[in-house]
Each structure stands twice: as C-alpha cells, then as structure tokens.
Amino acid sequence: MSLHLTDVTLTYPDGGARLTALDDVDLDVPAGTITALVGPSGSGKSSLLAVAATLISPDTGHVVIAGTDTTGLSRSRLTELRRTRIGMVFQQPNLLPSLTAAEQLQVMAHLDGRAPRAARGHAMELLEAVGLTGQADRRPHQLSGGQRQRINIARSLMNEPAVLLVDEPTSALDQERGAAILDLITTLTHRQGTATVLVTHDRTHLTAVDQIVEIHDGHLRSPVTAGHR
Ligand SMILES: Nc1ncnc2c1ncn2[C@@H]1O[C@H](COP(=O)(O)OP(=O)(O)OP(=O)(O)O)[C@@H](O)[C@H]1O
C-alpha cells in the first residue's frame, strides 16, 4: 500500500516556453511511513503533491498508488481512486459550517455508500484517535483552530486511504499546537499503515518522520533517513 513516483517530469506553460516544475523525480514512500518534503518557495512541493494526488498528470513518468499505475487511467477511474485510496489534508481545514465534527467524517462514508450506523462508529473511533471524543457534536465555530485541523486529519482517514498527502498542516497554528498535529500525523501514519507525504516549511517539527526529502528547482535530493542526520 505504498506510493511510488518514477521518472516524473511536470512542466507548466510559461509564456511561449515551458517551466519545469518537477524534473525526473523518483520517490518511494513505503506503507506505514512518513516522508517530509521540504524546500524553498517555488521549488515544486505543491506540484509534487498534486501529481501524487493524481490531480495533475505528469508529462512523463509514473505514479503508482497502492500497486495501481495511474498512467492512462480514465478520469472517472482516477476520481474513484482519489475517493477510495487517497487522503488529503490542506492548510485550511475547509469544514462544512453547518455539520458537527462527527458529521464531517460521516459525509465521507456516505459518499462512499457505506451504512450510516457503521459510519458513525468509524467516525467516533477516528475522533477518539485525534483526541476529540468530547467534541463530536460541536460545529466548526465551536472549536479551536487546532481542533479543526484534527477533524480535518480524521476526515482524511475516514475512507482508509493507502496514501495520505498533507500540505503545510500547521501553518495556521502556533508552535506547540503545530508540533502536536505533526505528532498526531506520525502516530496515525504508523497505526493506519498509510504512505504519507508531508509538505512543511518547519524543520523543527521533523524529529519523528521516517525520511526527509529536499526539493530544489524541481529536483529531489536523495532522501535522508531520520535519525541518521
Ligand atoms: N499552474 C501553474 N502554471 C504555471 N506555473 C506554475 C503553476 N503552478 C506552479 N507553477 C510554478 O511551478 C514552480 C513550482 O511551484 P510549486 O507551487 O509546486 O512550488 P512550492 O514549492 O509548492 O511553492 P510554495 O512553498 O511557495 O507553495 C514554481 O516556479 C511556480 O511558479
């Protein structure tokens, strides 16, 4: 249930020319591990996440999600793959204002055609995992920024994704809450067996990740295993 990118190149139109955002990128993220992706602004981090999420097709190369090579898949097959195999967490939680914390999660199961009772049970398990059992019936405006981000993370795991893609999840939080969110993502990655990629600007949080990959001008530097830095 891993994520593999091989020989991925992505260009964008740039006036009359092409700008190379990802240049022959290879990345392996095994199941149950977390890879932090760090690099300066404009280096290609969001582009890499978008390609891994199958939201953008690369010009060349392959993206393999849990053993499925996504090259050439139809638009509907890619949509299904994203719904069932890929979880995404962005900077802003984008919760639905009228729904309770539990309902934010249950909606995901509903979209997947699962029975409401089982969905409620699963939602409550995940809310417990992110430390929010007591907040299940609260709406977003009754929660703190950190709590909203926890719900965002729990929601991304509702469909038991193989691959979890996380973009700057702590940018709206203070240092302490940010560190707690990264701890949570690391714990859940190991527990749920997801292949997780985490984009972050903040290296101070990266004590518990499995590998750190640096990106510069669309080139990946070889991964550094955490603990061997
Ligand atoms: N839709 C687009 N069209 C044209 N160029 C783009 C597009 N999106 C990104 N780029 C360019 O591709 C390069 C990589 O951008 P990307 O957003 O992936 O970087 P990033 O590392 O995520 O940056 P940041 O940390 O500022 O979010 C940059 O030079 C950017 O200007």
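Biologist: At what angle do helix H5 and helix H6 pack, and how far apart are their axes?

Modeller: A word on the source: this is a predicted model, where local features need pLDDT of at least 70 and side-chain atom pairs count only at pLDDT 80 or more, while totals for chains, interfaces and linings use all residues. Residues are numbered from 1 along each chain as its sequence is written. Helices (H or I, at least four residues) and strands (E, at least two) are DSSP runs numbered from the N terminus, and axes are lines fitted to C-alpha atoms, for helices over the stretch in contact, with angles from 0 to 180 degrees between N-to-C directions. For H5 (residues 145–156) and H6 (residues 175–192), the packing angle is about 15° and the axes are 10 Å apart.

Biologist: Is H5 roughly parallel or roughly antiparallel to H6?

Modeller: Angles under 35 degrees count as roughly parallel, over 145 as roughly antiparallel, 65 to 115 as roughly perpendicular and the rest as oblique. With H5 and H6 packing at about 15°, that makes the pair roughly parallel.

Biologist: How many nonpolar residues are in the contact of H5 with H6?

Modeller: Two residues are in contact if their C-beta atoms, placed from the backbone, lie within 7 Å. Gly-146, Gln-149, Arg-150 and Ile-153 of H5 meet Arg-177, Ala-180, Ile-181, Leu-184, Ile-185 and Leu-188 of H6. Ala, Val, Leu, Ile, Met, Phe, Trp, Tyr, Cys and Pro count as nonpolar, Asp, Glu, Lys and Arg as charged, and the others, Gly among them, as polar. Here the contact has 2 charged, 2 polar and, for your count, 6 nonpolar residues.

Biologist: Helix H3 also packs on H5; is the crossing left-handed or right-handed?

Modeller: H3 (residues 101–111) lies at about 25° to H5, with axes 9 Å apart, which makes the two roughly parallel. A crossing is left-handed if the near helix is turned anticlockwise from the far one by less than a right angle, and right-handed if clockwise. The crossing of H3 and H5 is right-handed.

Biologist: And which residues make that contact between H3 and H5?

Modeller: Both helices contribute. H5 brings Ile-151, Ala-154 and Arg-155, and H3 brings Ala-101, Gln-104, Leu-105 and Met-108.

Biologist: On to the strands: which ones stand at the edges of the sheet?

Modeller: Two strands pair if DSSP finds at least two bridges between them. Antiparallel pairing gives an open sheet of 4 strands, in the order S2-S1-S4-S5. Each edge strand has a single partner, so one side of each is left without a neighbour in the sheet; these are S2 (17–29) and S5 (68–69).

Biologist: In the hairpin of S1 and S2, which turn residue has a positive phi?

Modeller: S1 (residues 3–14) is joined to S2 by 9 bridges, with Thr-11 opposite Thr-20. The hairpin leaves 2 residues between these strands, and the one with a positive phi, about 65°, is Gly-15.

Biologist: Which residue of S4 is the bridge partner of Thr-9?

Modeller: S1 and S4 are antiparallel and share 5 bridges. Within S4, Thr-9 is partnered by Thr-60.

Biologist: Last one: which element gives the largest share of the shell around the ligand?

Modeller: A residue is near a molecule if its C-beta atom, placed from the backbone, lies within 6 Å of it. The surrounding residues include Tyr-12, Leu-19, Gly-44 and Lys-45, and two or more residues come from each of S2 and helix H1 (45–52). The largest share, 3 residues, comes from H1.
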